[in-house]
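The following note gathers several points for a student who is reading this structure closely. Please keep the sequence and the model in view while working through the numbered paragraphs.

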Amino acid sequence: MDLVSKYNIPAPRYTSYPTVPYWENNLSEEAWFKYVKESFTINNKNGISLYIHLPFCESLCTYCACNTRITVNHRVEMPYINALIKEWHLYLAQFENIPLIKEIHLGGGTPTFFSAENLAYLLSSIISTCNISESADFSFEGHPGNTTELHLQTLYNLGFRRVSFGVQDFDHKVQETINRYQTFEEVKVVMQKARDIGYRSINIDLVYGLPFQTVDTIRSTIEKIVDLKPERIAFYSYAHVPWLKPGQRKYTEKELPVSSEKRKLYETGKEIFLAAGYIDIGMDHFSLGDDELLTAFKKGRLYRNFMGYTTSDTKLLIGLGASAISDTWSAFSQNIKTVEEYQQSIENGKLPISKGHALSNKDMLIRQHILNFMCRHESDFNSTFCDQMLLDKTMGRLSELINDQLISIDRNKVSLSENGKFFLRNICLAFDERYWNKTPDKNIFSTTA
Ligand SMILES: C[S@@+](CC[C@H](N)C(=O)[O-])C[C@H]1O[C@@H](n2cnc3c(N)ncnc32)[C@H](O)[C@@H]1O
Ligand code: SF4
């Protein structure tokens, strides 16, 4: 059996450990705030991160796995923004001094669904309550179809220097099937506007494994994108989770490239990125030579949290908005997913937590190894892996990956091979004690290949 078929199993993307389905939900609001306060006291001097989830989109891209609310009614903007500001004030009341903000990321849904004026109101309401770090890193996700010059300029004036545009694919048949349209010209124009205004880093999201994608169609999309020279490219593996996202039933599984076909799409993309001077950072991320993400990767200072890869080692991430996840380093919490329930909870002065988890010492140990693999492509058993039983069990699970030359082991250090990069999720899975103690009995994760 080829390696792609062998390792094509459901697995998490490890933006956290434990992954959300394995959280024990052992946190009350009071306990959560205690973790927040402790983390704030320790970490505020180096700065904290804010993630703001803006869930609205005007139309549904049927492939989409994000937490979205589809509407063309823009009157939803202000009530939601007011709830976000109130939620921030619930946190502010816990902090013993003024927060120092190191990172802000606006994610979605589509942040540029909101008017520039409303975004300015939201952000200035938050920023005016904080100090801003000198090395602050503010970024947002924009849809090329609705990001205006005013959005770009307004957010730039508020300190935003990085923007990520979703593109996914330019092929007409693929776009029609996933109900997601934007032309090359639109992307080119919006990127140029961002550059003219002064944005220093532009990311483009592409997805491989979408319905009707072929090697030829993906080559054509990617060649166009690399011509535009975005500093970063996220080349995501399509996550097929129709049991969670019924929109994905708009096409059939027969229309999806899978296994070795899907791998070929990835390899085609990777070849073009490398030839164009991009470096493979891991987990579907490519970066150009002078981008901060690549510099951080080379210096061993790349990190990963719920926002994906980041250069900021902040240990307190506050997530605001429906479905947003927060991380104090010793505990996680996730907000309620539906907009109405989220707003209602805030209206009642109650933090809208739906799930949480306090990390055990063993969780922290395993998280470190998973982070090491995700961000540095190696992990050292000597320095951190002190639990012998865990070590024995993990080594047992790694042996198959060693035989298949996806990783190599030298004394106590396990390192990723070039071929192993495609299987990073499988390698992290070998460390995931909670998964092996209770392997999922129903679909919860997308497959790795
Ligand atoms: C919130 S969206 C980006 C911003 C904006 N809404 C847009 O579409 O341009 C975040 C990204 O998640 C990725 N994504 C969404 N659904 C996915 C799926 N099913 N599999 C893999 N990646 C997915 C897409 O690349 C998308 O650009
Ligand atoms: S891909 Fe972006 S625009 Fe499309 S539904 Fe998902 S979040 Fe909304």
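Predicted model: local features only at pLDDT ≥ 70, side-chain atom pairs only at ≥ 80, totals over all residues.

1. The shell of residues around ligand 2 divides into 5 nonpolar, 6 polar and 1 charged. These residues are Cys 57, Leu 60, Cys 61, Cys 64, Cys 66, Thr 68, Gly 108, Gly 109, Thr 110, His 143, Gly 166 and Arg 180.

2. Ligand 1 is surrounded by 18 residues, and the closest are Ala 65, Gly 166, Asp 205, Tyr 236 and Ala 239. The shell around ligand 1 divides into 9 nonpolar, 7 polar and 2 charged residues. Which strands each supply at least two residues of this shell? They are β4 (100-108), β6 and β7. Gly 166 also belongs to the residues around ligand 2.

3. Strand β6 (residues 160-168) pairs with β7 in the parallel sense, over 6 bridges. Within that pairing, Val 163 has Ile 202 of β7 as its bridge partner.

4. Strand β7 also pairs with strand β8 (residues 232-237), in the parallel sense and over 6 bridges. Here Leu 206 stands opposite Phe 235 of β8.

5. One runs from Tyr 17 to Pro 18, with omega near -10 degrees. Pro 18 is placed in the loop between α1 (3-7) and α2 (29-43). Another cis peptide bond joins Gly 108 and Gly 109, where omega is about 20 degrees. Gly 109 is found in the loop between β4 and α4 (116-127). Both glycines are among the residues around ligand 2.

6. Gln 168 is not a glycine, yet its phi is positive, at about 75 degrees. Gln 168 lies in strand β6. Is Gln 168 buried or exposed? A residue counts as buried if 20 or more other C-beta atoms lie within 10 Å of its own. Gln 168 has 23 other C-beta atoms within 10 Å, and therefore it is buried.

7. Ser 259 likewise has a positive phi, of about 50 degrees, although it is not a glycine. Ser 259 is placed in helix α9 (residues 259-275). With 13 other C-beta atoms within 10 Å, Ser 259 is partly exposed.

8. How many of the residues of strand β15 (residues 331-335) are buried? The count is 5 of the 5, so β15 is largely enclosed by the rest of the structure. Both faces of β15 are covered. Ala 331, Ser 333 and Asn 335 are buried on one side, and Phe 332 and Gln 334 are buried on the other.

9. The partners of β15 may be taken in turn. Strand β14 (residues 325-327) runs antiparallel to β15 and is joined to it by 3 bridges. In this pairing Ser 326 has Ser 333 of β15 as its bridge partner. The hairpin of β14 and β15 has 3 residues between the strands, and in it Trp 329 takes a positive phi near 85 degrees. Strand β16 (residues 353-358) is also antiparallel to β15, joined by 5 bridges. In that pairing Phe 332 stands opposite His 357 of β16.

10. A further point concerns an open sheet of 3 strands, which has the order β17-β19-β18 and antiparallel pairing. β17 (378-380) and β18 (407-410) stand at the edges with a single partner strand each, so one side of each has no neighbour in the sheet. Neighbouring strands of this sheet are turned against each other by 15 degrees on average, direction ignored.

11. Within this sheet, 3 bridges join β17 to strand β19 (residues 413-416). Ser 379 stands opposite Val 414 of β19. Helix α12 (residues 361-376) packs on the sheet and touches β17 and β19, its direction making about 145 degrees with that of β17. Helix α14 (residues 388-403) lies across β18 and β19, and it runs at about 115 degrees to β18.

Notes
Residues numbered from 1 in each chain as written. Chains lettered and ligands numbered in written order. Near = placed C-beta within 6 Å. Nonpolar A, V, L, I, M, F, W, Y, C, P; charged D, E, K, R; others polar. Pairing = 2+ DSSP bridges. Helix = DSSP H or I, 4+ residues; strand = E, 2+ residues; numbered from the N terminus. Axes fitted to C-alpha atoms, helices over the stretch in contact; angles between N-to-C directions. Contact = placed C-beta atoms within 7 Å. Buried ≥ 20, exposed ≤ 12 C-beta atoms within 10 Å, placed from the backbone.
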